[in-house]
Amino acid sequence: MKKVGAYLAIAAFALIPFAFVPTAAFGLRIGPFHLGIPFFGHRHHHHQLYMHGNSNDVARHESDGARHESQLAPQGRAVSLALFYPTRALPLIFQNVFWPAFSSPWPFGYDSIFTTAFAAADRNHDDCRQSVDANAIVERLRAEIGPSAEQMERLQRLGGAIGAAADYLAKSCPTEIPQQPSARLQLMDSQIEVLTMAADIIHQPLQEFEQSLADEQRAKFSGEASVKSGASGRRDKASLRSCGASATTIDWWIGQIDKSVQPNDQQRSTLTDVQQAFGKAANDLEAHCPTSVPRSAVARLEAIESRLDATWRAILSIQVALQDFESKLSDEQKNRLQSMTFAAR
């Protein structure tokens with residue numbers, strides 16, 4: 001992942017408090033916050049995490065996403081437009097950090113990566129809109145936790161970081177969706193970096209706010225009350241499904257590529273490298289599959305960053321191998337590869 005010096009990070013966080021304009025609601029408004037800065041060096045922590053989401057905002061965005069994705073591919077496809085438009089994943093990520101009691105699918109599983117690389121898609125301006133209401137998040141946290149005046153200042157700073165992250169993703173919308181599978185994977189790779197940057201923007205303000213809380217407030221912030229009330233029981237076995245792919249599934253995918261492209265002996269040798277890259281990527285994603293939910297919000301964010309790291313590595317591994325394979329194909333073979341689609345298995 002790309003990394004930059006500490007001075008850029010310090011400068012960016014120093015600007016966050018200036019993103020506020022008072023309102024009648026609770027003396028706070030988080031307006032548009034524009035940051036044209038490169039990627040921060042994000043942290044590598046190896047926690048495990050469920051993705052969750054059950055707020056009205058998240059439900060609305062997931063519903064909108066479902067409509068778009070139903071137009072993208074036949075029913076049953078595991079396509080994730082969040083791989084092209086990471087702003088669509090941001091509500092789910094923030095919901096997971098702040099309200100972890102309810103589970104919903106992580107949008108960057110192996111099957112989603114693979115099928116989205118081969119699915120037809122066009123750029124949609126609606127997918128570039130900011131998908132997070134920072135004011136609503138801050139107000140909900142204020143109502144639930146009851147911060148003191150000093151804590152409220154830190155919560156406001158966290159709100160500014162949330163707004164900055166959302167705006168950064170909205171401005172990172174792609175100008176087009178490539179048609180070639182390897183080019184699509186390259187776009188996914190870039191967008192996962194952008195999403196990691198957005199997650200990293202809130203890390204320090206979140207940590208400072210959480211550290212300022214009293215034990216009772218921290219218990220509310222951790223979601224313990226929801227867990228004790230039985231909300232955790234709503235997690236079903238679907239939340240524990242595999243994050244990678246079986247060797248059988250990978251063999252099937254490779255067989256379909258072989259059947260469609262009809263490679264010669266030299267090309268088939270490269271296809272074997274593709275198969276190995278697919279397996280490596282699947283294993284890495286499976287190693288970061290969720291097993292439990294960290295108790296603190298900071299730990300949940302760090303777990304998300306760890307999963308994004310694994311997603312980035314998986315996409316890069318698949319992209320490099322597939323691009324090498326494509327480079328050895330004739331134009332006719334490339335067209336056959338590009339026209340392929342894969343149903344979820």
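Student: Which residues line the largest cavity?

Tutor: Happy to start there; the model is a predicted one, where local features need pLDDT of at least 70, side-chain atom pairs count only at pLDDT 80 or more, and totals for chains, interfaces and linings use all residues. Numbering runs from 1 along each chain as its sequence is written, and side-chain values use heavy atoms, with hydrogens and water left out. On a 1 Å grid over the protein atoms alone, a cavity is a set of points where a 1.4 Å probe fits but cannot get out, and lining residues have an atom within 4 Å of a point. The lining is Trp106, Phe108, Gly109, Cys243, Leu285, His288, Arg307, Ala310 and Thr311.

Student: Which helix gives the most to that lining?

Tutor: By class, the lining has five nonpolar, three polar and one charged residues (Ala, Val, Leu, Ile, Met, Phe, Trp, Tyr, Cys and Pro count as nonpolar, Asp, Glu, Lys and Arg as charged, and the others, Gly among them, as polar). Helices are DSSP runs (H or I, at least four residues), numbered from the N terminus. With three residues, the top contributor is helix α13 (residues 297–327).

Student: How much space lies in the largest cavity?

Tutor: The whole structure has two cavities of 30 Å³ or more. A volume here is the space filled by probe spheres set on the grid points, which are joined across faces, edges and corners. For the largest cavity, that comes to about 50 Å³.

Student: At what angle do the axes of α4 and α11 cross?

Tutor: Axes are lines fitted to C-alpha atoms, for helices over the stretch in contact, and angles run from 0 to 180 degrees between N-to-C directions. The axes of α4 (residues 110–117) and α11 (residues 247–261) come within 13 Å, crossing at roughly 10°. So α4 is roughly parallel to α11 (angles under 35 degrees), and the crossing angle is roughly 10°.

Student: Which residues does Ser260 touch, leaving out those up to four places away in sequence?

Tutor: Ser260 sits in helix α11. Its C-alpha atom is 7.7 Å from that of Met340, 80 residues apart along the chain. With contact meaning heavy atoms within 4.5 Å, the partners are Arg336 and Met340.

How values were computed: Helices (H or I, at least four residues) and strands (E, at least two) are DSSP runs, numbered from the N terminus. Angles under 35 degrees count as roughly parallel, over 145 as roughly antiparallel, 65 to 115 as roughly perpendicular and the rest as oblique. On a 1 Å grid over the protein atoms alone, a cavity is a set of points where a 1.4 Å probe fits but cannot get out, and a pocket is an open set with protein on both sides within 12 Å along at least five of seven lines; lining residues have an atom within 4 Å of a point.
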